[in-house]
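This report goes through a few parts of one structure. Please look over the sequence and the model before reading on.

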Amino acid sequence: GMIRRDGCHVVAVRGELDLYTGPPVRRVFEEIATEDPGACVIVDLEQLTFLDSSGLGVLISGLRRMRAGGGGVALASCRGAVAEVLTITGLHHTFPIFATVDDAVTTKGRRS
């Protein structure tokens, strides 16, 4: 689901993010980029259990799409295997990553 907090769009991704579940998430990024191009999007990964290369592709394309409009994407509450994947692929350098959604909202998704 998607909620708005302090001008940020918080998108919760649950379960698995892969070839089959990626398209709806991609559509959410497209909708936000169209309606609110400069927006800060925070992806809440607390309940994400699995992430594969196509899932990563969805997050990266979302990041590019938002940055193109002057916005950004931050990741929050990465756990276990998902955090490992982000580290192994080096994406923890690409995305601002926050311990909690609250932390991300406070800084509007930007690293201090």
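## Leu 48

Leu 48 counts as buried because its relative accessibility is 4%, where buried means under 20% relative accessible area, exposed over 50% and partly exposed in between, with a 1.4 Å probe and protein chains only. This residue is found in strand E5, residues 48–51. Strands (E, at least two residues) and helices (H or I, at least four) are DSSP runs, numbered from the N terminus.

Not counting residues up to four places away in sequence, Leu 48 touches Val 13, Arg 14, Gly 15, Glu 16, Leu 17 and Val 82; contact means heavy atoms within 4.5 Å. Between Leu 48 and Val 58, 10 residues apart in sequence, the C-alpha to C-alpha separation is 14 Å.

## Basis of the model

The model is predicted: local features need pLDDT of at least 70 and side-chain atom pairs count only at pLDDT 80 or more, while totals for chains, interfaces and linings use all residues. Residues are numbered from 1 along each chain as its sequence is written, and side-chain values use heavy atoms, with hydrogens and water left out.

Strand E4 covers residues 40–44, and five of its five residues are buried. On one side these are Cys 40, Ile 42 and Asp 44, and on the other Val 41 and Val 43.

Two strands pair if DSSP finds at least two bridges between them. E4 runs parallel to strand E2 (residues 8–12), joined by five bridges, and His 9 has Val 41 as its bridge partner in E4. Five bridges also join E4 to strand E6 (residues 72–76), again in parallel; here Ile 42 stands opposite Ala 74.

## The E1–E2 hairpin

Strand E1 (residues 2–5) pairs with E2 in the antiparallel sense over four bridges. Ile 3 has Val 10 as its bridge partner in E2. Two residues lie between E1 and E2 in this hairpin, and Asp 6 in the turn has a positive phi of about 50 degrees.

## Asp 18

Asp 18 sits in the loop between strand E3 (15–17) and helix H1 (22–35). Is Asp 18 buried or exposed? Asp 18 is buried and has no salt bridge, and Arg 26, the nearest side chain of opposite charge, is 11 Å away. A salt bridge is a side-chain nitrogen of Lys or Arg within 4 Å of a carboxyl oxygen of Asp or Glu; for charge, Lys and Arg count as positive and Asp and Glu as negative, with His and the chain ends not counted.

A polar atom of the Asp 18 side chain lies 3.0 Å from the backbone nitrogen of Tyr 20. Leaving aside neighbours within four places in sequence, Asp 18 is in contact with Phe 50, Asp 52, Ser 54 and Gly 55.

Key. A polar contact is a pair of N or O atoms within 3.5 Å; within protein, one must be able to donate a hydrogen and the other to accept it, and residues adjacent in sequence count only if both atoms are side-chain atoms.
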